[in-house]
Amino acid sequence: MSEVLASYGRIQLTSEVDSNIPYYNVSEINWTQQEKEILDDLKSFITEYKLIQKQVDAIRNIQEKEEFLKGIIEDRIKQKKIVTENTNELVNAVIDNLFFGYGKLGTLMRDDMLEEIMINGVNIPIYVFHRKYGMCETNVKYEDKTSINEFIDATSRFVEREVGFDNPLLDGHLIDGSRINISTPPAAPHGPSITIRKFRKSPLTIIDLILKKTISIELAAFLWVAVEGLGIHPCNILVAGGSGAGKTTLLNALAMFIPEHERVVTVEDTLELNFEFLKNWVPLEGVPSLGKEDKGNEVTLEVLVENTLRMRPDRVIAGEVRGREAEPLFVAMDIGLNGSMGTIHSNNSKETVTRLVNKPMDVAIRMLTLLQLVVVLNRHYDREKGMYRRVSEVGEITGIEGDVVQIGEIYQWDYKTDKIKRTEYPILLKEKICKWCGLSKKELNKEIFIRGKILEHMAKKGIRERDKVIAVFREYHYNPQMVLAKFRKDNP
Ligand SMILES: Nc1ncnc2c1ncn2[C@@H]1O[C@H](COP(=O)(O)OP(=O)(O)O)[C@@H](O)[C@H]1O
Ligand SMILES: [Mg+2]
């Protein structure tokens, strides 16, 4: 017996008695003879292929690329007088095979409910990580070496990096911004393995995170003040957590609080942060060395972070702090680039501090007081709720005693009530913010309270989409009275 868990498009998720993990089934399409001919000879179907490719390359946004191609292919179908019930599928297949290079993975790449796609080799089912149902086995697989290699070659051409026996590891991104890792022999002795961390079409905003209960309204309002800095002095914040805990997502959501005029430089191994909404944003990406002997071309994150200091940023944001780049990031904070942020792989704020001051990061202990907050995330699984993520704690760095960094856990998640609660530790950062920004404690608390009300209102009204959310934060930054007037009108 199998139970249907969900069904959408050509996808059906089922739970099978003989398996502990859900099954993700993509239904096959029965192509007609005419459709098959097109698919066998795609390039002749799109005769002006090269010209179109050029136009596609010139479009920056993936949705626009897709829309543009859709129009052209649909016209072509009409022109050729092809009668088909599968117009959509045919259009997608042409895009996937001719332009995006997804091949077999097309349906999986288009499913916005998937977080990850994992290919472990030839004739092994592809696994996916579903937003609601977690790890699932699929009925999709590469049936022979040639087809898996075709995908690897196409990817390697797209990211302009070689992968093979001399360079068995490749990190890069696909055309839609998804992150991809390819490991081939000899590093992967069982044969090539591919992992794709999918890019989300509509990025999660702080309102989404509130609605999902990942963060509380009160904490979100506090972080709004901390990140925006009341236009005077933003705080330095690290987002910590395990892999897939939602660190990058929260960092992205927090960045939407940054005032529009600020110059932000982001530094990453593989581009993931998307701050297009900031006018003066420069993304930098590390350049891996081309092989064991050739370290000449390499640009490490450490070098990049140092370089940002010569770019006159207001803030430096490091996608993931892992190694020697931690030190220059703290130097950035030291020279007054307040509002610097990053993510770090660690399970709680104490461990974060330990990792920072030890090898390979090796940040000097006295520098640690430049960091104000560590926001820690955790991923949980529950049969009923499915997958869910919570801010599990917020640690405040309060000072150094002897050789020990003092941390106050100012917020904590309570498993029983599923609430993020204030602890009994006083928030010393509030005193600092008052001093920096010339506010009384009462005024600051009122400010946080008002922002909480605005966030609550947005959550209630479903104002969650990125551009709309940012518009409110901006208006509040530059003209708070306007926002408050609207708010009062809606909440008499
Ligand atoms: N709070 C959340 N609720 C639901 N899904 C989330 C949440 N945070 C992140 N995700 C999703 O989980 C996946 C991993 O998130 P990401 O931020 O990249 O994790 P990390 O940086 O910790 O490895 C992404 O697909 C993202 O869209
Ligand atoms: Mg991340």
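Residues are counted from 1 along each chain as its sequence is written, while chains are lettered from A and ligands numbered from 1 in the order in which they are written. Because the model is predicted, local features need pLDDT of at least 70 and side-chain atom pairs count only at pLDDT 80 or more, whereas totals for chains, interfaces and linings use all residues.

**The two domains**

Begin by colouring residues 2–197 as domain 1 and residues 206–490 as domain 2, bounds that come from an automatic or database domain assignment. Their C-alpha centres lie 34 Å apart, and the contact between them takes ten residues from domain 1 and nine residues from domain 2, two residues being in contact if their C-beta atoms, placed from the backbone, lie within 7 Å. Next select strand β7 (residues 169–173), which with three residues gives the most to the side of domain 1 that touches domain 2; helices (H or I, at least four residues) and strands (E, at least two) are DSSP runs, numbered from the N terminus. That side of domain 1 is made up of one nonpolar, four polar and five charged residues, where Ala, Val, Leu, Ile, Met, Phe, Trp, Tyr, Cys and Pro count as nonpolar, Asp, Glu, Lys and Arg as charged, and the others, Gly among them, as polar.

**The shell of ligand 1**

Now centre on ligand 1, around which there are 18 residues, with Thr-214, Gly-246, Lys-247, Thr-248 and Thr-249 coming nearest; a residue counts as near if its C-beta atom, placed from the backbone, lies within 6 Å of the molecule. Helix α10 (residues 247–255) supplies the largest share of this shell, three residues, and by class the shell has three nonpolar, eight polar and seven charged residues.

**Helix α11**

Select residues 301–308, helix α11, and show Leu-301, Leu-304, Val-305 and Thr-308, which are buried (20 or more other C-beta atoms within 10 Å of the residue's own; exposed means 12 or fewer, and partly exposed in between, with C-beta atoms placed from the backbone). Looking down the axis of α11, you will find that its buried residues fall within an arc of 95°, so they line one face of the helix, the arc being that of the directions from the helix axis to the C-beta atoms. Their cover includes β11 (263–268), β12 (280–285), β13 (315–321) and α12 (326–334).

Move to strands β16 (residues 386–401) and β17 (residues 404–414), which run antiparallel and are joined by eight bridges; strands pair if DSSP finds at least two bridges between them. Here Gly-399 stands opposite Gln-406 in β17, and Gly-402, in a hairpin with two residues between the strands, takes a positive phi near 65°. β17 also pairs in the antiparallel sense with β18 (residues 419–422), over four bridges, and Tyr-411 stands opposite Arg-422 in β18.

**Backbone details**

Most residues other than glycine have a negative phi, and most peptide bonds are trans. In the loop between β17 and β18, Asp-418 has a positive phi near 55° and is partly exposed, with 13 other C-beta atoms within 10 Å. Glu-160, in the loop between α7 (145–159) and β7, likewise has a positive phi of about 55°, and with 7 C-beta neighbours inside 10 Å it counts as exposed.

Finally, select Pro-185 and Pro-186, joined by a cis peptide bond with omega about 5°; Pro-186 is found in the loop between β8 (179–183) and β9 (193–197). The peptide bond from Lys-359 to Pro-360 is also cis, with omega near 5°, and Pro-360 has its place in the loop between α13 (349–357) and β15 (373–382).
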